[in-house]
Amino acid sequence: MHAAGAPPVTVLPSTWPAYSAPRVGTRYLSIRAWTSLSNDSENHHYSRRSQQYWDKFYKLHKNKFFKDRHYLEKDWRSYFDDEIESSHVKVGCGAGNTIFPLIATFPNLYVHACDFSPQAITLVKSHANFSAEKMNVFVCDAAKDDLCVNVMPSTVDIVTLIFTLSAVSPGKMASILENCKKVLKPNGHILLRDYAVGDSAQVKLHDRNQMIRENFYFRGDGTVSILWRLFVYLCFPAVILTSAKSLPLLAQCSFYFSEAFVSTLFQSVGFVVVDINTYCKEITNHSRNITMQRRWIRATFGRS
């Protein structure tokens, strides 16, 4: 079923063989070298530029770009109790497309929600279903700002990371998890859903030469100039500052996870794997004759 005028789309579940990331040709070697050598600059770049990008994104699209996400109650209903009051932290809440469906389904749920985009937090607070009695919403960069400033330590039952970790530099992921761990109860859990290795979007980015390091890509105009400008920024930041208006927004990025990478990442900061799998869908747009193989990681982690 699709809206009138929309292109017909078929969505089919699919089981595919294990997929490894696209092979990296020699043309990427210099890019990987200077990103690894300039790790501090890279982290600073993402912290500053990505906030600018998402603020502009939410000013443009408001809360209309992402659909409301109802799959949390379908995939993880057992972690949310209809009868008992429980608390939940949504890190990277965006415009609220995850938290408002949850509150509607579980009225006894108290939600802490944060995002590093002030514009996103403004959208959440202006939502028709926002309730200051049921929600604690605040600006926070979970990679560096202490969540315990706004959330009492060891008081949260569930933390959700829904397409959050993929949008940050890999070097910041462990810091975010350490931060989440501080607010979780000893028997609390983290629920994760994010992009998986082999997703059709990754293949497109790889074909456009937009890989920064293994499974980590910049989104942009698909030209080599983006990578060249990034190189200039990392090596000669003063040059970038004199011509910033001509630059594309480089801060939007995507990381694609394997089950092994996710498991190792969480175990390295003291979590245990409760459940993990790769969810696959084959989506066909018949009017454009395009078939896309979409892949997501879906996982649950507990405190060890």
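Me: Which side chain meets Asp-75 in a salt bridge at 3.4 Å, N to O?
Reply: In this predicted model, the partner is Arg-193, whose side chain meets that of Asp-75 in a salt bridge of 3.4 Å, N to O.

Me: Where do Asp-75 and Arg-193 lie, and what does the pair tie together?
Reply: Asp-75 lies in helix 3 (residues 71-75) and Arg-193 in strand 6 (residues 184-195), so the pair ties together parts that are 118 residues apart in sequence.

Me: Is Arg-193 buried or exposed?
Reply: Arg-193 is buried, because its relative accessible area is 7%, and buried means under 20%. Asp-75 is partly exposed, with a relative accessible area of 30%.

Me: Which residues are linked with Asp-75 in a network of salt bridges?
Reply: Arg-193 and Arg-298 are linked with Asp-75 in such a network. In the salt bridge between Asp-75 and Arg-298, the closest N and O atoms are 3.2 Å apart. This pair also links distant parts of the chain, with Asp-75 in helix 3 and Arg-298 in strand 11, 223 residues apart.

Me: How many salt bridges does the structure hold?
Reply: The structure holds five salt bridges. Among them is the one between Asp-157 and Lys-185, whose closest N and O atoms are 3.0 Å apart. Asp-157 is in strand 5 and Lys-185 in strand 6, and the pair links parts of the chain 28 residues apart. Lys-185 is partly exposed, at a relative accessible area of 27%.

Me: How many bridges join strand 7 and strand 8?
Reply: Strand 7 pairs with strand 8 (residues 216-218) over two bridges, in the antiparallel sense. Met-211 has Tyr-217 of strand 8 as its bridge partner.

Me: A backbone matter next. What is the phi of Ser-154?
Reply: Ser-154 has a positive phi of about 55°, although it is not a glycine. Ser-154 sits in the loop between strand 4 (135-139) and strand 5 (156-162). With a relative accessible area of 39%, Ser-154 is partly exposed.

Me: And where does Asn-289 lie?
Reply: Asn-289 is placed in the loop between strand 10 (271-285) and strand 11 (290-303). Asn-289 is not a glycine, yet it has a positive phi of about 55°.

Me: Why does Asn-289 count as exposed?
Reply: Asn-289 counts as exposed because its relative accessibility is 71%, and exposed means over 50%.

Definitions and conventions. Residues are numbered from 1 along each chain as its sequence is written. This is a predicted model: local features need pLDDT of at least 70, side-chain atom pairs count only at pLDDT 80 or more; totals for chains, interfaces and linings use all residues. Side-chain values use heavy atoms; hydrogens and water are left out. Helices (H or I, at least four residues) and strands (E, at least two) are DSSP runs, numbered from the N terminus. Buried means under 20% relative accessible area, exposed over 50%, partly exposed in between (1.4 Å probe, protein chains only). Two strands pair if DSSP finds at least two bridges between them. A salt bridge is a side-chain nitrogen of Lys or Arg within 4 Å of a carboxyl oxygen of Asp or Glu.
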